[in-house]
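Open the structure in your viewer and keep the selection tool at hand. This tour goes stop by stop.

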Amino acid sequence: MKRATTEVLLPDLGEIEGAVVVGWLRGVGDAVQEGDDLLEVETEKTTFVVPAPASGRLASIAAEEGKRVQVGDRLGDITTE
């Protein structure tokens, strides 16, 4: 089977343009299912959980804990088969 990579992006959080990565709930190499909780991000008002956009393995983390990210920024990658 051919492998594909799906980017994990910071979703549109409504009126909020950016957030800070609080922490990853999965590590590189972990198997994930679409919809699983991947990481937590914090805005000025609340904390959100970012779900996995696809099933596969978490291949990389691009936004480490403490990093400020904007809507649409790449947070990591999931490799799918």
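Two strands pair if DSSP finds at least two bridges between them. Helices (H or I, at least four residues) and strands (E, at least two) are DSSP runs, numbered from the N terminus. This is a predicted model, in which local features need pLDDT of at least 70, side-chain atom pairs count only at pLDDT 80 or more, and totals for chains, interfaces and linings use all residues. Residues are numbered from 1 along each chain as its sequence is written, and side-chain values use heavy atoms, with hydrogens and water left out.

**Stop 1: the whole chain**

Show the chain as a cartoon. It has 8 strands and 0 helices. Read from the N terminus, the elements run β-β-β-β-β-β-β-β. The radius of gyration, taken over C-alpha atoms, is 12 Å. The globule rule (2.2 Å times the number of residues to the power 0.38) gives a close value, 12 Å for 81 residues, so the chain is as compact as a globular protein of that length. Its C-alpha atoms fill a box of roughly 45 × 20 × 20 Å along the principal axes.

Of the 81 residues, 31% count as buried. Buried means under 20% relative accessible area, exposed over 50%, and partly exposed in between (1.4 Å probe, protein chains only).

**Stop 2: the hairpin**

Select residues 37–42, strand β4, and residues 47–51, strand β5. The two pair in the antiparallel sense over 5 bridges. Which residue of β5 is the bridge partner of Asp 37? Pick Pro 51 to see it. A hairpin of 4 residues joins β4 to β5.

**Stop 3: the open sheet**

Next, color β1, β8, β6 and β3. These 4 strands form an open sheet in the order β1-β8-β6-β3, with antiparallel pairing. Which strands are at the edges? They are β1 and β3, each pairing on one side only. Zoom in on β3 and on β6, residues 56–61. They run antiparallel and are joined by 2 bridges. Here Val 32 stands opposite Gly 56 in β6.

**Stop 4: two residues of the sheet**

Select Thr 5 in strand β1, residues 4–9. Is Thr 5 buried or exposed? Thr 5 is exposed, at 54% relative accessible area. Contact means heavy atoms within 4.5 Å. Not counting residues up to four places away in sequence, Thr 5 touches Asp 77, Ile 78 and Thr 79. Draw a distance from Thr 5 to Arg 57: their C-alpha atoms are separated by 9.6 Å, though the two residues are 52 apart along the chain.

Move to Thr 80 in strand β8. Thr 80 is buried, with a relative accessible area of 14%. Beyond four places in sequence, its contacts include Lys 2, Arg 3, Ala 54 and Gly 56.

**Stop 5: the nonpolar core**

Show side chains for Leu 10, Leu 38, Leu 39 and Leu 75. These have the most contacts inside the largest nonpolar core, which has 17 residues. Such a core is a set of buried Ala, Val, Leu, Ile, Met, Phe, Trp, Tyr and Cys residues joined through side-chain atoms within 4.5 Å. Strands β2, β4 and β8 (74–80) each give two or more residues to this core. Center on Leu 10. Among its contacts beyond four places in sequence are Ala 19, Val 41, Val 50, Val 69 and Leu 75.

**Stop 6: the salt bridges**

How many salt bridges does a search of the whole structure find? There are 2. Each is a side-chain nitrogen of Lys or Arg within 4 Å of a carboxyl oxygen of Asp or Glu.

Select Arg 26 and Asp 36. Their side chains meet in a salt bridge, 3.4 Å from N to O. Arg 26 is in the loop between β2 (18–24) and β3 (31–32), and Asp 36 is in the loop between β3 and β4, 10 residues apart. Arg 26 is partly exposed at 25% relative accessible area, and Asp 36 is partly exposed at 23%.

Finish with Arg 74 and Asp 77. Their closest N and O atoms are 2.6 Å apart. Arg 74 is partly exposed at 35% relative accessibility, whereas Asp 77 is buried at 10%.
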